[in-house]
Amino acid sequence: MIKTSLMAGAAAVALMATPGLASAQDQAALEARIAQLEAQLNALKSEIVAARTQQAAQQQDIIRLETRPAAPAPVQQSSALAAPGEGFRIGDHTVKFGGFVKVDAYATRYSGGDPVNGDALREFHIPGSIPIGGADEDTATDFNARQTRFWLTTDGMVGGHKIGTRMEMDFQTLPGAGDQRTTSPANPALRRAFITIDNWLIGQEWTNFQNTAVLPESADFIGAAEGTVFARQVQVRYTRGPFSVSAENPETTVTPFGGGGARIVADDNSIPDFTARYAVSRPWGDFQFASLLRQLKYQNPATNIDSTATGWGLSASTKIKVGAKDDLRLMVTGGEGIGRYVGLNFSNDAVLNGSGDLDAIGVVAGFAAYRHVWAPGWRSSLIWSAQKVDNDLAFTGLAANRSAQSFHANLIWSPVTAFDVGAELMFADREIETGASGDMTRLILFAKYGF
């Protein structure tokens with residue numbers, strides 16, 4: 001538009017500068033044309049001023065936007081799913097669950113007679129249940145999946161406190177006599193159920209007197225049963241750094257006067273069992289020292305018995321690294337009145353003397369296990385476990401358990417992560433104070449998948 005107006009203006013000027021070419025009529029037309037051009041120039045000036053004003057306003061808007069504080073990020077709604085493998089969210093808590101399915105096949109030869117159908121010895125090694133004095137029978141074969149286990153945990157911050165829970169179950173409880181004729185039933189059995197609040201633990205958990213970290217890898221439910229501290233019970237525990245103390249559910253098992261292999265579960269304790277533990281981890285391995293102090297008590301109004309005694313125990317355990325992948329695991333435990341804590345209650349805590357008073361029974365137990373990694377996914381453990389009981393024969397008689405031991409050798413293969421298959425050969429024996437003994441030889445084949 002500007003170019004057209006200028007060209008028209010130039011033409012008009014040229015006409016005016018040429019004498020004789022313009023008549024009066026032409027002069028009037030020229031003046032009208034000049035007036036029109038002036039009007040158009042004025043309109044053009046107004047448009048330019050308006051455009052510049054609008055451009056300046058837009059620049060001010062841009063400056064204001066650039067200098068405006070950034071808006072806060074929108075609040076994200078918490079997702080119900082946590083990171084992969086980290087469970088899921090419910091309120092303030094992360095919930096996780098897992099477990100494993102384990103299938104076992106046992107082929108066992110007992111020198112002193114087969115345990116009855118449904119006896120727990122047919123499922124895993126219980127030193128005090130090895131038969132003595134029965135007939136030597138053919139090999140007995142049993143299949144089961146009762147060691148299958150599942151667990152659920154929660155973990156979160158509530159009111160500034162770290163709070164967690166754990167519930168764990170397996171299927172080791174057999175209904176009735178554990179009938180294997182049709183459905184081979186098993187009931188869910190509570191293993192662990194506890195709450196943690198900061199440094200406190202309240203509920204059913206492994207006793208603070210035990211070190212589960214050094215238990216040998218075994219196809220058996222426990223493995224080194226004779227020589228290990230092994231108990232789960234309700235407790236209140238406080239942990240600070242490497243130190244922990246606990247007050248735990250009390251229970252006293254008693255041998256009647258002259259009763260030998262008999263057992264009284266007293267259930268008369270009025271004071272909890274107390275434990276203290278010191279556990280450390282070093283580049284070469286782990287070490288733990290634990291102590292136990294407890295009241296032994298038995299009351300029987302019918303026989304006018306009301307007696308208490310003191311039990312105590314000390315236990316040291318370690319896992320020592322050998323080379324890049326192997327390790328050596330050791331435990332030794334000793335004391336008086338701690339029978340139910342060691343070797344699945346192979347020995348009772350105390351015996352009644354002729355006056356009806358409790359006399360604590362001494363125990364020494366331990367195990368040694370070497371774990372060797374042959375190749376990626378392939379490993380073996382060699383295990384020896386033993387316990388010796390110090391009975392006062394004048395009180396216990398000759399039918400009480402004197403000693404037990406077992407030897408294990410296994411080969412385990414993990415073809416994929418969390419999937420294990422393996423075999424273990426085990427020999428175990430039990431001896432009573434008469435010198436009579438019984439043994440069992442067992443081959444275990446198993447498959448296990450954890451999830």
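This is a predicted model: local features need pLDDT of at least 70, side-chain atom pairs count only at pLDDT 80 or more; totals for chains, interfaces and linings use all residues.
Residues are numbered from 1 along each chain as its sequence is written, and side-chain values use heavy atoms, with hydrogens and water left out.

View 1. Helices (H or I, at least four residues) and strands (E, at least two) are DSSP runs, numbered from the N terminus. Of the 451 residues, 41% are buried, meaning under 20% relative accessible area with a 1.4 Å probe, protein chains only. Take the contacts (heavy atoms within 4.5 Å) between residues at least 6 apart in sequence: 62% of them join residues at least 24 apart.

**View 2. The largest pocket, with about 650 Å³ of space.** A pocket here is an open set of points on a 1 Å grid over the protein atoms alone, where a 1.4 Å probe fits, with protein on both sides within 12 Å along at least five of seven lines; lining residues have an atom within 4 Å of a point. The volume is the space filled by probe spheres set on the points, which are joined across faces, edges and corners. Look for Phe100, Arg149, Ser218, Phe221 and Lys448, which lie nearest the centre among the 25 lining residues. Strands supplying at least two lining residues each include β2 (93-110) and β22 (437-450). The lining splits into 11 nonpolar, 3 polar and 11 charged residues; Ala, Val, Leu, Ile, Met, Phe, Trp, Tyr, Cys and Pro count as nonpolar, Asp, Glu, Lys and Arg as charged, and the others, Gly among them, as polar.

**View 3. The second largest pocket, with about 550 Å³ of space.** Of its 22 lining residues, Phe124, Phe230, Ala231, Arg232 and Leu344 sit nearest the centre. β5, β6 and β8 (232-240) each give at least two residues to this lining. By class, there are 10 nonpolar, 6 polar and 6 charged residues.

**View 4. Arg89, in strand β1 (residues 88-90).** Arg89 is partly exposed, at 31% relative accessible area, a label for values between the buried cut-off of 20% and the exposed one of 50%. Its side chain has a polar contact of 3.0 Å with the side chain of Thr94 (N or O atoms within 3.5 Å, one able to donate a hydrogen and the other to accept it; residues adjacent in sequence count only if both atoms are side-chain atoms). The Arg89 side chain also reaches the backbone oxygen of Gly91 at 3.3 Å.
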